[in-house]
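Take a look at the model below. We will go through it one part at a time.

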There are 2 protein chains.
Amino acid sequence: MVTIDDVAAHAGVGVGTVSRVLNKSPQVSDATRARVEAAMAALDYRPSPLARGLSRGRPHSIGAVVPFFTHASAVERLRGVVAGLGSAGYDLVLFDVESPEHRAEHLAALARRDRAAGLLVISLPPPPAELERLVAAGMPVVLVDARGEGVPTVVTDDVEGGRIATQHLLDLGHERIAFIGEPPDNPLGFTATAQRERGWREALAHAGIDVDAELVRYCEHDRLVARTLGAEMLAAQRRPTAVFASSDVQATGVLLAAADAGLPVPDDLSVIGFDDIEISEYAGLTTVRQPLFESGRLGAELLLAGIDGGDTAPATHELPLELIVRSTTAAPRG
Amino acid sequence: MVTIDDVAAHAGVGVGTVSRVLNKSPQVSDATRARVEAAMAALDYRPSPLARGLSRGRPHSIGAVVPFFTHASAVERLRGVVAGLGSAGYDLVLFDVESPEHRAEHLAALARRDRAAGLLVISLPPPPAELERLVAAGMPVVLVDARGEGVPTVVTDDVEGGRIATQHLLDLGHERIAFIGEPPDNPLGFTATAQRERGWREALAHAGIDVDAELVRYCEHDRLVARTLGAEMLAAQRRPTAVFASSDVQATGVLLAAADAGLPVPDDLSVIGFDDIEISEYAGLTTVRQPLFESGRLGAELLLAGIDGGDTAPATHELPLELIVRSTTAAPRG
DNA sequence: TTGAAAGCGTTACCAC
DNA sequence: GTGGTAACGCTTTCAA
């Protein structure tokens, strides 16, 4: 394994000079630089990121803490992150989180400057104490789709999103509008669903409609489970004429339930989702689009800026939501 | 930042002893071990993976080289990898590849023992020279969904898969069976499509059916592009009664085209795909299922075994394919 | 069973 | 401009 010493010897210079060439220091004569570069090429030299990281005190990698399994939308955000990191040359290290213990473990291990150059926490609001610890350790952190104190944050206004979805249904003339989302007291502390439910409530209240407790249902972020839940809801005596699902995954589950029940959509049932994931366009699902990819990209860019010591302002960047009307919503029949 | 020296001082022992405790060396007295562990706890000590890696000559991370953007199926494989890595404690580093230059760059950079403890190359057959270089550098490598010499490999029999799909259509009574896939001469050297096409040809030949050149079409791995291509095909004079698409992404594009053309599926057109990705169940798509998640998991397990110096045999593990009949295939009309 | 010290491959500081 | 050398935080001999 060829090291910097080999290069130095081959070029007839000191290791310091090779290091300078490596790091594009301007104070190297052109002649020397050329000689060193020739030596590097001849030896097919590749610097050791490990040694570099140790010496500099921080590695050239950024960590992404993300619920990689449970939320399909997280993958799209991650794609944005990859794009945002672009050619900066950072390694992207994936930390999958499925449980609070999982998260605590990762976050604790990452609270060292030499664990990563920076951290992207996606969709998982870190407990304030753990976030503080990271910041105290000098670790640049950016939150994507999660809120927290003292660090840059990329979010959307989920309450507004809930209002947008509900208002769309109200505008079409619906009055019995159900809500399906994840339980508000989930262990990892996802808050998006609760916010969207709040938007739903506010829009209904504003329209002078009382909330029927029968029309609020919670289930995990899973299509088949939502299908079952939707079936129950649609079998009820006074079934809703429209459903607002807090995620497209659940919305497509409801679509399946409607098909099972022989209820034509949108004639007998309107369905609106949230996210606009890949499957939504295919399914013709009306939804509230949130910029998943863009959130990841912006998060990565903010993090890079923070690492470079530039913009460390803990600003909250709010990305716009957009109503995408497709073919699963219409005026209620008769 | 608390280091091993701090722990040693706090416990009143040498750093060597702390290191031994850290690495669960049996030759430490219980009393000493307890004292050291108490010190570690008191100081909230976390070892530096960087320093550890440098000292040991290889980091505790595994790299995954994967087309993260272009193939949805790669994500499911990656999920399997995360699961397979389990609690072994390795960091998972993502290397996204979109072009041959991209790949060459990553592979060259990774050809150092101290870049990763092992490498998982997913869906991208590495050029023999680059693979050889990795092996020569002593880097444990496992190929998932790609073939290569001298390293463990996890694959499926794509020719057989093409046969299975085509035979299903033949059994239903179809004779004009089209094929849609990615161009066989793609720059990254994906071979799956070409193999599936071969299976298609073989099945047709075996059934005594001549291939109509009109019925073979290539387009990129994209739903909308496949939709356009499908539209062309369905508008032709003698249109096929069935389509075998080399991926579910493309199959759903054809489904869209059929809907656009007002052709009922499966009555006027049968469609079968390949992969069984998430959207397929939702779409009711008949397909040839390949174990995406399982391939990632097995790949990870093989790699871990290889890293531990155990099973380094370059065995080829062939995972089974399965025909999943849903509602997009039926006997041709009349 | 334990301590001391020599690496591991860089970077960065200090002389020249 | 350039060379020498002390870190960086850990593992791993080698003695004791």
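The paragraphs below go from domains to DNA, then to the chain contact and the sheet.

This is a predicted model. Start with chain A. Its domain assignment gives three stretches: domain 1 covers 4-47, domain 2 covers 61-156 + 292-320, and domain 3 covers 158-289. Taken over C-alpha atoms, the centres of domain 1 and domain 2 of chain A lie 36 Å apart.

Now turn to the DNA. Around DNA strand C there are 26 residues. Those that come nearest are A:I4 and A:S55 from chain A, with B:G14, B:G16 and B:T32 from chain B. Which elements give two or more residues to this surface? They are α2 (15-22) and α4 (49-56) of chain A, and α2 (15-22) and α4 (49-56) of chain B. The largest share, five residues, comes from α4(A). By residue class, the surface near DNA strand C has eleven nonpolar, 13 polar and two charged residues.

Next, see how the chains meet. Here 28 residues of chain A are in contact with 28 residues of chain B. On the chain A side, α4, α5 (72-85), β2 (91-96) and α12 (278-283) each give two or more residues. That side divides into 17 nonpolar, three polar and eight charged residues.

Twelve strands form an open sheet with mixed pairing, in the order β11(A)-β5(A)-β4(A)-β3(A)-β1(A)-β2(A)-β2(B)-β1(B)-β3(B)-β4(B)-β5(B)-β11(B). What stands at the edges? β11 (316-318) of chain A and β11 (316-318) of chain B do, each with a single partner strand, so one side of each has no neighbour in the sheet. Neighbouring strands are turned by 20° against each other on average, direction ignored.

In chain A, strand β5 (residues 153-155) and β11(A) pair in the parallel sense over three bridges. There, A:V154 stands opposite A:H317.

Helix α13 (residues 292-307) of chain B touches β1, β3, β4, β5 and β11 of chain B. The direction of α13 makes about 165° with that of β4(B).

Conventions
Residues numbered from 1 in each chain as written. Chains lettered and ligands numbered in written order. Predicted model: local features only at pLDDT ≥ 70, side-chain atom pairs only at ≥ 80, totals over all residues. Near = placed C-beta within 6 Å. Helix = DSSP H or I, 4+ residues; strand = E, 2+ residues; numbered from the N terminus. Nonpolar A, V, L, I, M, F, W, Y, C, P; charged D, E, K, R; others polar. Domains from an automatic or database assignment. Contact = placed C-beta atoms within 7 Å. Pairing = 2+ DSSP bridges. Axes fitted to C-alpha atoms, helices over the stretch in contact; angles between N-to-C directions.
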